[in-house]
Amino acid sequence: MNIIDKFVEAVNPSAALRRQNDRIKLELIRSFKNSGYDESGASRNKNSMRGWLASSKSPQEDIDRNIPILRQRSRSLYMSAPLAVSAIKTNRTNIVGEGLRLKSTIDAAFLRMTPEAAAEWQRNTEREFELWADSKFCDSTRVNNFYEIQQVACLSWLMNGDACALVEYERPTPAFPYGLRVHLIEADRVSTPHTSGTAVNLYATESTTGNRIFNGVEVTDAGRVVAYHICSTYPNSQLRAAKKWQRVKAFGDKTGTPNVLMIFEAERAEQYRGVPYLAPVIESLKQLTRYGEAEMMAAVINGFFTVFITSEGNTGEMGFTGVLDDEDRVSDDDLNYELGPGMVNVLKPGEKIDIADSKRPSSNFDAFTTALAKYVGAALEIPVELLIKSFNSSYSASRAALLEAWKAFRMKRKWLAADFCQPLYEIFLTEAIANGRIKAPGFFLDPAIKKAYCRAQWNGPAPGMLDPVKEATAAEKRIAIGVSTRQRESIEMTGTDFDANVAQLARENQLMKEAGLVSAAAPPGSAEENREKESEKPDEEEDKDPESDSDTDGAEESEDQ
């Protein structure tokens, strides 16, 4: 500050403040002049951008601080907003469906196994895994089998932002020889320990070990996750239950096996908790739901024929009574007037009813909601056709929309398989090999050998087909030119396994032959049908026309001449 500034500050502080603000603005203009974005997104001079006070902080301040309210509002929308339910359940159905199924794909060449031996090992392992996965004993709560747990985990991930599964063990029994258990808990229980009535920063605090706890996730100074803090009940529950927190290490000290599986989609580096799937469109979905409810109520009111009578006489002497059924009546209070089909209300002297504008519901309701659904679908990576389950476009447009949606579905399926299914399969395989139910030489001696045995695919529901003939023809051509395989096409088109299909077809064809229905067993255009046609053709050498031979000989003689 110069002498003039000091004098102005002493005489007129308001003027001094304006001078200082103007000086700061000039410095900002000079510093941002001629920079790359100073005339677009980083402009501080345009009226449209001047009031935009954007201030992004750390992932913990931007995300963890707001997760609790985002989570509550997301659940509320799931329970009340039709588009929100459609968005979440459409993802659940296409990502998981009936459940992601194991397809063992071991590295037979590295393990020095013959194709036959590798196929036998894979079938036996898949059989053993089904023994565990199909039973509700794989669930610590004894409620769901492994495939149903996947569905709940996917819903929890989308609705709450993340899904947490604890890996637990129980003593095996003769009826169920595996001790591995999965305990799926809701995201709320992974929280920062605190005592009721004490002021504590619930989304970021320091643990007794000196590490930081972000929303229940304990990390070191280097940002490495070391433990999760699990509450014995829901922290915001009103039930009379003691709230105690258990510190669960993220990985076993000796084996490195995960004790906690946290499934979420990371948006930023050093992010430890997930954001609900509906977070970017929560306001839009809520407003759209309110608008839909208002239009629906307007339609209901317009459908009523309600009469209001005003009289200067005693209202008790009127001969009209309401025709509303007793079970539909809301109140018997004389101060309340009800609307209903054929309802007659007698007003007191001096009372008057003004009916609202009857130009409802709006004729633009469908166009407006569809337009807003497009924006919501774009943010959630779901085409509007799939979001509102209305396919009115052409085949090409509908197929393009489905293919675009399936890019997102496949990506989320990959995440779910990598963060949930595959780790549990590796833990299961370790137990099965340790107790001798599966033979895998060298499994515990070399991590590379272990990885070769653990290789697997997780197959889920197929995208479906709008025109089966066109898409089957395209699949046939892809296989013919070598850009795809029968195994991949089986998974993509019908969600089945090619090896299992071949085995089943062989059994079916054998049964058809035994029943004398060979022609029916051979599909049109198949190699078997072609062989049958060749066998039915007469011998061409015997049926050849002699005149045709003479003509041919004559042609050859003329050609020689």
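Biologist: Buried means under 20% relative accessible area, exposed means over 50%, and partly exposed lies in between (1.4 Å probe, protein chains only). Is Asp162 buried or exposed?

Modeller: Asp162 counts as buried because its relative accessibility is 0%. Please note that this is a predicted model, in which local features need pLDDT of at least 70 and side-chain atom pairs count only at pLDDT 80 or more, while totals for chains, interfaces and linings use all residues. Residues are numbered from 1 along each chain as its sequence is written, and side-chain values use heavy atoms, leaving out hydrogens and water.

Biologist: Which side chain meets that of Asp162 in a salt bridge?

Modeller: That of Arg273, at 2.8 Å from N to O. A salt bridge here is a side-chain nitrogen of Lys or Arg within 4 Å of a carboxyl oxygen of Asp or Glu. Arg273 lies in the loop between S9 and helix H10 (282–303) and Asp162 in strand S2, so the pair ties together parts that are 111 residues apart in sequence. Arg273 is buried too, with a relative accessible area of 0%.

Biologist: How many salt bridges are there by this rule?

Modeller: The count comes to 17. One of them joins the side chains of Arg181 and Glu170 (3.5 Å, N to O). Arg181 is in strand S3 and Glu170 in the loop between S2 and S3, so this pair ties together parts eleven residues apart in sequence. Arg181 counts as buried at 3% relative accessibility, whereas Glu170 is partly exposed at 32%.

Biologist: Turning to the strands, what order do they have in the open sheet of three?

Modeller: The order is S3-S2-S9, with antiparallel pairing. The edge strands are S3 and S9 (260–264), each pairing on one side only. Strands (E, at least two residues) and helices (H or I, at least four) are DSSP runs numbered from the N terminus, and two strands pair if DSSP finds at least two bridges between them.

Biologist: How many bridges do S2 and S3 pair over?

Modeller: S2 (residues 162–169) and S3 pair over six bridges. Ala165 has Leu184 in S3 as its bridge partner, and Leu166 has His183 in S3.

Biologist: Why is S3 largely enclosed by the rest of the structure?

Modeller: Five of the six residues of S3 (residues 180–185) are buried, so the rest of the structure largely encloses this strand.

Biologist: Which helix lies across S2, S3 and S9?

Modeller: Helix H13 (residues 395–434) does, running at about 160 degrees to S9. Axes are lines fitted to C-alpha atoms, for helices over the stretch in contact (heavy atoms within 4.5 Å). Angles run from 0 to 180 degrees between N-to-C directions.

Biologist: How many residues are in the largest nonpolar core?

Modeller: It has 74 residues, and those with the most contacts inside it include Phe129, Trp132 and Phe420. H13 gives the most to this core, with 15 residues. A nonpolar core is a set of buried Ala, Val, Leu, Ile, Met, Phe, Trp, Tyr and Cys residues joined through side-chain atoms within 4.5 Å.

Biologist: What is Trp132 in contact with, leaving aside its neighbours within four places in sequence?

Modeller: With those neighbours left aside, its contacts include Phe146, Leu180, Val182 and Phe428.
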